[in-house]
Amino acid sequence: MIAATDAAADAAGIRAGMTVTKARSLVPGLVVTDADSEGDLAALRRLALWCGRYSPFVAIDPPQGLWIDISGCAPLFGSERALLRDLHRRIARAGHALQIAVADTPGCAHAVARHVPAGRPVTIAPGKSAGAMALLPIASLRLDFPVVDGLRKLGFVSVEQLLQAPRGPLARRFGRMLHLRLDQALGHAPEPLEPVVAAHVPRARRDLLEPVVTREALAQVIGDLVDDLAGQLAQQARGARRLDCHFRRVDARVQAIRIGTAAPNRDPAHLVRLLGARIGEIEPGLGIEAMTLVASLTEPLRTRQQDLAPGAARNVDLGALVDALANRFGQKSLYRAAPRPGGMPERSVGATGALAAPGMARWDEDLPRPARLIDPPQPIQVTAMLPDHPPAMFVWRRRRYRVLQADGPERLHGEWWREGGEEARRPWSVRDYFQVEVEGGGRYWLFRQGDGEHAATGSMAWYLHGAFA
Amino acid sequence: MRHPAAIAALRARIAAIEGSAAPRHALPFGLPALDDHLPGGGLAGAALHEVAGSAALCDDAAATIFLAGILARLEGAVFWCLRWRDLFAPALDLAGLSPDRVIHVEAGSDTNVLLAMEECLRHAGLAGVVGEVAKLSTTASKRLQLAAERSGVPAFVFRRASALERQAEGTAAATRWRVLAAPSAPLGIPGLGRPRWEIRLERVRGAEPKSWIMEACDAQGRLALPAALADRPAAAQERRRAG
C-alpha cells in the first residue's frame, strides 16, 4: 500500500491508498521507500518544537500537519505576512514540501492548507471562514472515508451543500462527527488541541478546583507558577529567556501568552510583572481551569552574590525596563548602535542587543558625520564651478540652497565584497562627500557618485545624504 | 518694604504648592550666560523639557546634537524613543554621547513613543529619556512631567519637523527650546568653522524667554559662546541698567 507520495508522484497520478503493484504499473521506474510512521511522528514532533520560535502554542496533527496559533505573535516579526514568509522560507529550505494556511479556526486552516495548493501562504481574513469553507469539497472536513463516500453517493460535493441541508437526517445517518467537524471549522464548536512541549524543560502546572475568571485570580495563579518555576530554574542554575503560559478554558480551548527577556532571568517579581502585563489578552470565557507555565528557552545563569556597589542596582533595573519595552514593541525595535565594518556610511552602523556587552570597535573620531541621515540618499541637482570643486548651489525638493562654504571631498569606496544591493552591481563605486553650509547656516552632507575617470565608479550624479548640526 | 527673607519664604511656599519643594538637582550647561538665566542654575533635573528644530532638516539635526550634548554630560543610560530610523549614531558619538549608553526604542508612532517614554520614566537611575514626536498634546506633556518628577529622570520631548510659525500647544514642560542653525563665522580660508546655533528659550517656568547665538557642542557635549560675542550681552545689559 502507498502511504504517502511526493509532488512528482502526485503528478503521475499515484495516490495514497493505492497498492504498490498498481502504482508500479503507472510508473515503471517508481522508487518505493518503506513507510516509517514512528519516525515520521518523531520528526513531526521535532518540527513542532522548532516552530516554537513562532508561537507559544504549536500542536501536531499527525500524520503530516502542524497547528500553530499565531494570534498575537505577528508583532514580533513585524507583520503577519513577514511571519508567514519567514516560516515558509525556513521550512522550504530544510527540504520539506509545505502549504501554509491561516484562518480563524484550526479546522478551517486545516482544510484550506490541504485543498488549496497555492504554493504560498494562504490567509483567510477574519470572519471569512464560512465563505471559504463553503467552496471546499466535503473531503476537507476531516471525516472518515465511509462518511465522505456516503455523502458523495447522496450527491453532496461541496461543503456549501452540506451547510444548506437540514441537520437532523444527516446526523442520524452519519453520526455526530459530521456536524462536529463542520462546527469546529466554522468556530461554533471548540477544538481541543494539546500544545507540544519539549521534554525536560522547566515547567509548572496548576489545575484549579474552581474555574477562575478575574484578572486578580489569574495573577495570583501566575505568581504561584512563577515561584515554582523560579525554584526549578535555580536548581538547574539556569535563567529563563522565554516563558510560555498556557491557559486551558473549561470549554477546552487553550490560549497562550509568551514573554521574552533580554538576559536570562529567574527573578520572580520581574517575571510576574512581565506576565501580568499581558493578562489582558486572555479571554477567560466561562473560566480557566488549568494553567501551565513553561520556560521554553533557558540559558545558564549563575547565582550571583548581591553586589554592594551602587552601580549594580542600576544595571538590574535596566534589564527589567528593556524587557518591558521589548515585550511591548518587539525585540527588534530595541537596540543600540554599534560600529560595523562597512565602506558606506549607511552600512557603518549596525544594531546590537540593548544589553549586549559594549564592543571594542569605534567610529573614526575626526570624520564629520551628520546627525540625521537620509536613507536612501535623495538625488539633487547641483551647480558646481568645476568638476572637482564643491557645489555652489543645489536644489532639493524644489527648494534652492546656495552654498556659502564647504569642506571636502572625503572619498569613500564601496565594499567590493558585498553580495547584494547597489554595490554588488557596481563593486568599484566611489563617493566624494562634501560638507556644505548653506545660507542661514544649515549644514548638509552631499556626495557625488564616481571618481570622474572610470565610468564603473559611478554616474557623477549628486545626492543629499544627511544634515549636520 | 522688601524683605528678602519674607520673599524667600513665600517662594518656598509656592514651590511646596507646586510640588517642586524638594531640592532639585539642576543640569548646568557650564555656561554662565545660560545657567544664570535658568531658575536653579541649569535645566531642572526631574522635569520635562521640550526641544524643537524647524521644518528644515538642518535645524532638526542641530536640535538632535543639542540634546546629545546635554545627555553626554550626564551619567547613565539614555533611552531614545524614535518613530523612524534616521538618527545617525556616529554623530551622537562625536558630541560625546557614546553609543554604548544609548538604547534606541523604535516605537513607530507618536502614541507609542509617548507610551515608551512613560515606561522608561518609571525607572530611576537613567541619564535621560528622549522621545521624538510630531505633536505633543497638553495632556501628554502633563503625564510625562509627572512621571519625570516621580522618578527624577529628565525627559526630553523632541518635536520633529515643527514649523517655526506653528504655535505649539500649551505645555506642562519646565522649558521649551528651539534650536536653529545659524551662519558660522567665516574662517578666511575655504572650509567650515565650528557650527553655530541660535538657541531660543521660548518658554521657561520662572524666567523670561531669551535667545542666544552659541557655538555648537564640542566632543564633550559642551556649548560655547562665540568669542566675538562673549562680552557683548553683558555690556548691553550694563548700558541698559545705566540708562
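Here is a short chat about this predicted model.

User: Hi! How confident is the predictor in chain A on average?
Analyst: Chain A of this predicted model averages a pLDDT of 83, and 94% of its residues score at least 70.

User: Where does pLDDT stay under 50 in chain A?
Analyst: That happens over residues 305-316 of chain A. The model has three contacts beyond four places in sequence for that stretch. Where pLDDT is low, the predicted coordinates should not be read in detail.

User: Good to know. Can we look at helix α4 of chain A? Which residues are buried there?
Analyst: Leu83(A), Leu84(A) and Leu87(A) are buried in α4(A). They cover an arc of only 95 degrees around the axis, which puts them on the same side of the helix.

User: What comes just after α4(A)?
Analyst: You'll find Gly95(A) there, with a positive phi of about 95 degrees.

User: New topic: which strands form the barrel in chain A?
Analyst: Six strands close into it, in the order β11-β12-β13-β14-β15-β16, with antiparallel pairing. From one strand to the next, the twist averages 45 degrees.

User: How many bridges join β11 to β16?
Analyst: Five bridges join these antiparallel strands of chain A. Ile380(A), for instance, stands opposite Trp462(A) in β16(A).

User: Last one: what is in chain B?
Analyst: Chain B has seven helices and 10 strands, and 46% of its 243 residues count as buried.

Key: Residues numbered from 1 in each chain as written. Chains lettered and ligands numbered in written order. Predicted model: local features only at pLDDT ≥ 70, side-chain atom pairs only at ≥ 80, totals over all residues. pLDDT = per-residue confidence, 0-100. Contact = placed C-beta atoms within 7 Å. Helix = DSSP H or I, 4+ residues; strand = E, 2+ residues; numbered from the N terminus. Buried ≥ 20, exposed ≤ 12 C-beta atoms within 10 Å, placed from the backbone. Pairing = 2+ DSSP bridges. Axes fitted to C-alpha atoms, helices over the stretch in contact; angles between N-to-C directions. Arc of directions from axis to C-beta.
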